[in-house]
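Let's take a friendly walk through a protein model together. Keep the sequence and the 3D view side by side as you read, and look up each residue as it comes along.

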Amino acid sequence: MDIRFSVNLKTLGEGAFFNCDALRRVTLPEGVTSIGYECFAGCDTLLSVDLPNSLTQMGDAAFRNCPQFFPSFPLPAGLTSIPASTYQGCTFPDFMLTMEISHIGSFAFNGETINVILYPGTIEDWKTKVTLDENWMETPESGEYNVRVMCDNGTVLYRNEQATS
């Protein structure tokens, strides 16, 4: 099922589509400013959600456990945080951040499948402007992960929370 919302929509509430197995694609109109906690969590067949530039807030776990989901890029410019567990349990291999992102919450990404995070600033920008919560990367059952954050002037490699550049 594909869904397009009316232009007057401002907020998608907590758990609005929680565990909705029929949902495949969602187009959110300009004017939507927030997506609630677990809004799309557990949607096994969700492939994509087109996020409007007006979006400024996502609740924790908004897309948790959506194994087929792949985020649309670029992220809205008004979005400054990737909240806790936002993409936990998702299986996409890479992710593109914007310069506006200044915080990444705990378990925001799946360490088992993500390999690369693209960041448009420098390594110095990444290290000074982006706050990473402890356990920002969900550790897989193997207990180990390697994620590269590719910046304009180089790469930061994370091995189990330890950064090297």
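Start with the rings: this predicted model holds 17 aromatic pairs. Take Phe5 and Phe17 as an opening example. Their ring centres are 6.0 Å apart and their planes meet at 65 degrees, so this pair is edge-to-face; the cut-off for that label is an angle over 60 degrees. Now look at where the two residues sit. Phe5 is in the loop between strand 1 (2-4) and strand 2 (11-12), while Phe17 is in the loop between strand 2 and strand 3 (25-27), so the pair ties together parts that are 12 residues apart in sequence. Phe5 is partly exposed, at 25% relative accessible area, whereas Phe17 has 16% relative accessibility and counts as buried. The line between those two labels is drawn at 20%.

Another pair to find is Phe73 with Phe95. It is edge-to-face, with 5.2 Å from centre to centre and 85 degrees between the planes. Phe73 belongs to the loop between strand 6 (57-58) and strand 7 (81-82), and Phe95 belongs to strand 8 (residues 94-96), so here the pair ties together parts that are 22 residues apart in sequence. Phe73 is partly exposed, with a relative accessible area of 27%, but Phe95 is buried, with a value of 1%.

Let's zoom in on one member, Phe63. It is found in the loop between strand 6 and strand 7. Is Phe63 buried or exposed? At 0% relative accessibility, Phe63 counts as buried. Leaving aside residues up to four places away in sequence, Phe63 touches a list of residues that includes Ile35, Leu46, Val49, Leu51, Met58 and Cys90. One of these, Val49, is 14 residues away along the chain, and its C-alpha atom is 9.8 Å from that of Phe63.

Cysteines are worth a stop too. How many disulfides does a search of the whole structure find? The search finds 0. Cys39 shows why: its sulfur is 8.1 Å from the closest cysteine sulfur, in Cys43, too far for a bond. For Cys66 the closest cysteine sulfur is also in Cys43, 5.0 Å away, and that too is too far for a bond. A disulfide would need the two sulfur atoms within 2.5 Å. Cys39 is buried at 0% relative accessibility, and Cys66 is buried with a relative accessible area of 0%.

Now turn to the strands. Strands of a sheet pair through backbone hydrogen bonds, either parallel or antiparallel. In this model, 3 strands form an open sheet in the order 2-4-6, and the pairing is parallel. Strand 2 and strand 6 stand at the edges with a single partner strand each, so one side of each has no neighbour in the sheet. Strand 4 (residues 34-35) pairs with strand 6 over 2 bridges, and Ile35 has Met58 in strand 6 as its bridge partner.

Finish at Thr11, which lies in strand 2. Thr11 is partly exposed, with a relative accessible area of 43%. Setting aside residues up to four places away in sequence, Thr11 touches Thr33 and Ser34. The side chains of Thr11 and Ser34 make a polar contact at 3.4 Å. By contrast, the C-alpha atoms of Thr11 and Ile123, 112 residues apart along the chain, are separated by 35 Å.

How values were computed: Residues are numbered from 1 along each chain as its sequence is written. This is a predicted model: local features need pLDDT of at least 70, side-chain atom pairs count only at pLDDT 80 or more; totals for chains, interfaces and linings use all residues. Side-chain values use heavy atoms; hydrogens and water are left out. Rings of Phe, Tyr and Trp (its six-membered ring) pair if their centres lie within 6.5 Å; planes under 30 degrees apart count as stacked, over 60 as edge-to-face and the rest as tilted. Helices (H or I, at least four residues) and strands (E, at least two) are DSSP runs, numbered from the N terminus. Buried means under 20% relative accessible area, exposed over 50%, partly exposed in between (1.4 Å probe, protein chains only). Contact means heavy atoms within 4.5 Å. Two strands pair if DSSP finds at least two bridges between them. A polar contact is a pair of N or O atoms within 3.5 Å; within protein, one must be able to donate a hydrogen and the other to accept it, and residues adjacent in sequence count only if both atoms are side-chain atoms.
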